[in-house]
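Me: I would like to go through this structure by question and answer. Please keep to what can be read from the model.

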Amino acid sequence: MAGLVPPGTTAIPAEASKTAHTKAEEKTDYMNLPCPIPFEELQREALMSLKPETFEGLRFDFTKGLNQKFSLSHSVFMGPTEIPSQSAETIKIPTAHYEFGANFIDPNLMLIGRVLTDGRVNARVKWDLTDNLSVKANAQLTNEPHMSHGMVNFDYKGKDYRSQFQMGNGALFGASYIQSVTPHLSLAGEVFWAGQHRKSGLGYAARYETDKMVAAGQVASTGMVSLSYVQKVSEKVSLASDFMYNYMTKDVTASVGYDYILRQCRLRGKIDSNGCTTAYLEERLNMGLNFILSAEIDHSKKDYKFGFGLTVG
Amino acid sequence: MAAQPKRGGVSLPERRSAAKPESNILARITSSPLVSRGKQAACDASFVSKKLLRSTGKAAWIAGTTFLILAVPLIIEMDREQQLNELELQQASLLGAPPTASVSK
């Protein structure tokens, strides 16, 4: 179904946006459409509300700013981590690690590095060459062979479109393009080629947003169909729902959740069609001191994960 | 009556065949069709009620823990937010009164 529409259709709305300029205020001005959000953030409202970073165990993060631009971060994590197993049972192994990180944040340049006691090193770079062109890179090195990877993205931002080209190790190439078609609707397309696995894919996405709601849909030739809807009920509360369907493996998941952003805390809860409910609470105890509670209950697999943590700075 | 297996695999146990009638009056009463049918009905009723209790228990557990995770923190936080609002309202009314009192002097 994704292969029937050729990628050239995303270029046709571009012609339509160059139609005659109208003087009446009610008519939309197709020459001055807003710049759309980046392609990877298409479903960001739904992702932020429905998929908080739940964890199991203790988490402690301390960020110390040395300068206006430079800061160091120390982080401790102790708790069981799941390892993927072929049987239905989940296997958890208690692990503990300490992570040291350094961040340099400038208006044009952002450098982030992390090193962990289990031998992993992460690095992220974001460099705004000009107003419109920016380069992003991230890399992860591990002890295990063949598990290290890196990726570079080049983003170009036009007046009412954005395009991105990415290259990763293992001969991974990808390109995406998103265009504002009306002040509320934007359409996008992407292609990727993975040399190592000899796979290529195509995807389309659309996003409709107003002040009160955001609806986004994404279809990919890898078999994934993902639709999401977020409604802002008031300035503190928003409700989100998500539907994911894989037409190759016939996997369906639907979830509904809420996101309460109050003055002292942020509470996110979600319930799933797989029988899994999660809740994530971040409470501000003091200036710069945040207390985090995370809970995830999977009734069908009988897997219970609870975590607590503290974030300083 | 032998029950067909229903949806979910729940089915009543098979009926045992009736015993031979004895000459003793008590044995004759206990082996009469009325008493044996009553006994079978009681067995079935206890079996069904056990299953019902178990599934109600399971549903109550799932509903209870889900409510505990999703709703209890929400109620607590909304209550705190309301308390904070009331406190602020009180502070605003307290601080609001003195300046006008001093001006009117």
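**Contact between the chains**

Reply: In this predicted model, a salt bridge joins the side chains of Arg263(A) and Glu81(B), with 3.6 Å from N to O.

Me: How many salt bridges are counted between chain A and chain B?
Reply: A salt bridge requires a side-chain nitrogen of Lys or Arg within 4 Å of a carboxyl oxygen of Asp or Glu. The pair Arg263(A) and Glu81(B), at 3.6 Å, meets in such a bridge. Between chain A and chain B the count is four salt bridges.

Me: Which elements of chain A give two or more residues to the side that touches chain B?
Reply: The contact takes 20 residues from chain A and 14 residues from chain B. On the side of chain A that touches chain B, eleven residues are nonpolar, five polar and four charged. The elements giving two or more residues to that side are β15 (251-261), β16 (265-272), β17 (276-286) and β18 (289-298) of chain A.

Me: How many residue pairs are in polar contact between chain A and chain B, and what area is buried there?
Reply: Six residue pairs between chain A and chain B are in polar contact, both residues being at pLDDT 80 or more. Carbon and sulfur atoms give 61% of the area buried between the two chains. That buried area is about 1500 Å².

**Chain B**

Me: Which order do the elements of chain B follow from the N terminus on?
Reply: Chain B holds three helices and zero strands. Of its 105 residues, 10% count as buried. From the N terminus on, the order of elements is α-α-α.

Me: How far apart are the end C-alpha atoms of residues 59-76 of chain B?
Reply: An unreviewed UniProt entry places the feature "transmembrane region" at residues 59-76 of chain B. In the model that span is 94% helix and 0% strand. Its end C-alpha atoms lie apart by 25 Å.

**A residue in chain A**

Me: Is Phe154(A) buried, partly exposed or exposed?
Reply: Phe154(A) sits in strand β7 (residues 149-157) of chain A. Buried means under 20% relative accessible area and exposed over 50%. Because its relative accessibility is 34%, Phe154(A) counts as partly exposed.

Me: What is the C-alpha to C-alpha distance between Phe154(A) and Ala137(A)?
Reply: Leaving out residues up to four places away in sequence, Phe154(A) touches Ser134(A), Val135(A), Ser163(A), Gln164(A), Phe165(A) and Met167(A). Phe154(A) and Ala137(A) are 17 residues apart in sequence. In space, their C-alpha to C-alpha distance is 8.8 Å.

Key:
Residues numbered from 1 in each chain as written. Chains lettered and ligands numbered in written order. Predicted model: local features only at pLDDT ≥ 70, side-chain atom pairs only at ≥ 80, totals over all residues. Heavy atoms only, no water. UniProt positions renumbered as here; feature names shortened; annotations may be inferred. Helix = DSSP H or I, 4+ residues; strand = E, 2+ residues; numbered from the N terminus. Contact = heavy atoms within 4.5 Å. Buried area = accessible area lost by both parts, 1.4 Å probe. Polar contact = N/O pair within 3.5 Å; in protein donor to acceptor, adjacent residues only side chain to side chain. Nonpolar A, V, L, I, M, F, W, Y, C, P; charged D, E, K, R; others polar. Buried < 20%, exposed > 50% of the residue type's maximum accessible area, 1.4 Å probe, protein only.
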